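Trainee: I have a structure open and would like to learn how to read it. Could you take me through it feature by feature?

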Amino acid sequence: MARRAARRYVVRGRVQGVGFRTFVQHTAGPIGVTGWARNLDDGTVEVYAIGNPEQLSTLEAALHRGPRWSEVRGVTAKEDTINTSVRGFQIR
C-alpha cells in the first residue's frame, strides 16, 4: 500500500455558491480520500485531504476542473500533517 499523505488546498475563483464543496465530497469518496472542504471568508474554498499520492493527484486534478458552474482561477497546495481522527469526507 502506498504511503498516505495529507495536503491542504486553497481553491480560488468562483467557487462559492456553485456546489464546489459537494463536488469535492462526491469526488473524494469514490477515490478513497478522507478529509473536509469549507468556505473561507475571502471567497475561496479550503480542502484538507488525506490519501496516497495517486489519490491526492486525482483529487487535485478535479479541484482544478471544478463543477460545471464554477470558474477555478487557481489551486494552491501544501503538505500537511495527517489528522488520524478524520473519517470519511465532510463538508464544513
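Mentor: Happy to; we will go through the core, a helix and the salt bridges. This is a predicted model, in which local features need pLDDT of at least 70 and side-chain atom pairs count only at pLDDT 80 or more, while totals for chains, interfaces and linings use all residues. Residues are numbered from 1 along each chain as its sequence is written, and side-chain values use heavy atoms, with hydrogens and water left out.

Trainee: Which residues touch the most other members of the largest nonpolar core?

Mentor: First the idea: a nonpolar core is a set of buried Ala, Val, Leu, Ile, Met, Phe, Trp, Tyr and Cys residues joined through side-chain atoms within 4.5 Å. Buried means under 20% relative accessible area, exposed over 50%, and partly exposed in between (1.4 Å probe, protein chains only). Here the largest core has 20 residues, and Tyr9, Phe20, Val24, Val47, Leu59 and Leu63 touch the most other members. At least two core residues come from each of β1 (5–14), α1 (20–31), β3 (45–51) and α2 (53–65). Those labels are DSSP runs numbered from the N terminus: helices are H or I with at least four residues, strands E with at least two. Apart from this core lies another, of 5 residues, including Trp36 and Ile50.

Trainee: What does Tyr9 touch?

Mentor: Contact means heavy atoms within 4.5 Å. Not counting residues up to four places away in sequence, the contacts of Tyr9 include Val47, Leu59, Leu63 and Val75.

Trainee: Which residues of α2 are buried, and where do they sit around the axis?

Mentor: An α-helix has 3.6 residues a turn, so residues three or four places apart point the same way. In α2, Gln55, Leu56, Leu59, Ala62 and Leu63 are buried. They cover an arc of only 120 degrees around the axis, so they are on the same side of α2; the arc is that of the directions from the helix axis to the C-beta atoms. β1, α1, β3 and β4 are among the elements that cover these buried residues. The face turned away from the buried side carries the exposed residues Glu54 and Arg65.

Trainee: What can I look for at the ends of α2?

Mentor: At the start of α2, a side-chain oxygen of Asn52 reaches to within 3.0 Å of the backbone nitrogen of Glu54. Just after α2, Gly66 takes a positive phi of about 70 degrees.

Trainee: How many salt bridges does the structure hold?

Mentor: A salt bridge is a side-chain nitrogen of Lys or Arg within 4 Å of a carboxyl oxygen of Asp or Glu. The structure holds 6. In one of them, Arg7 meets Glu79 at 2.8 Å, N to O. This pair links distant parts of the chain, with Arg7 in strand β1 and Glu79 in strand β4 (residues 71–80), 72 residues apart.

Trainee: Are Arg7 and Glu79 buried or exposed?

Mentor: Arg7 is buried, with a relative accessible area of 18%, whereas Glu79 is exposed at 53%.

Trainee: Which residues are linked in a network of salt bridges?

Mentor: Arg8, Arg38, Glu46 and Asp80 are. Asp80 and Arg8 meet at 2.6 Å, N to O, while the closest N and O atoms of Glu46 and Arg38 are 2.5 Å apart. Glu46 counts as buried at 8% relative accessibility, and Arg38 as partly exposed at 32%.

Methods:
Polar contact = N/O pair within 3.5 Å; in protein donor to acceptor, adjacent residues only side chain to side chain.
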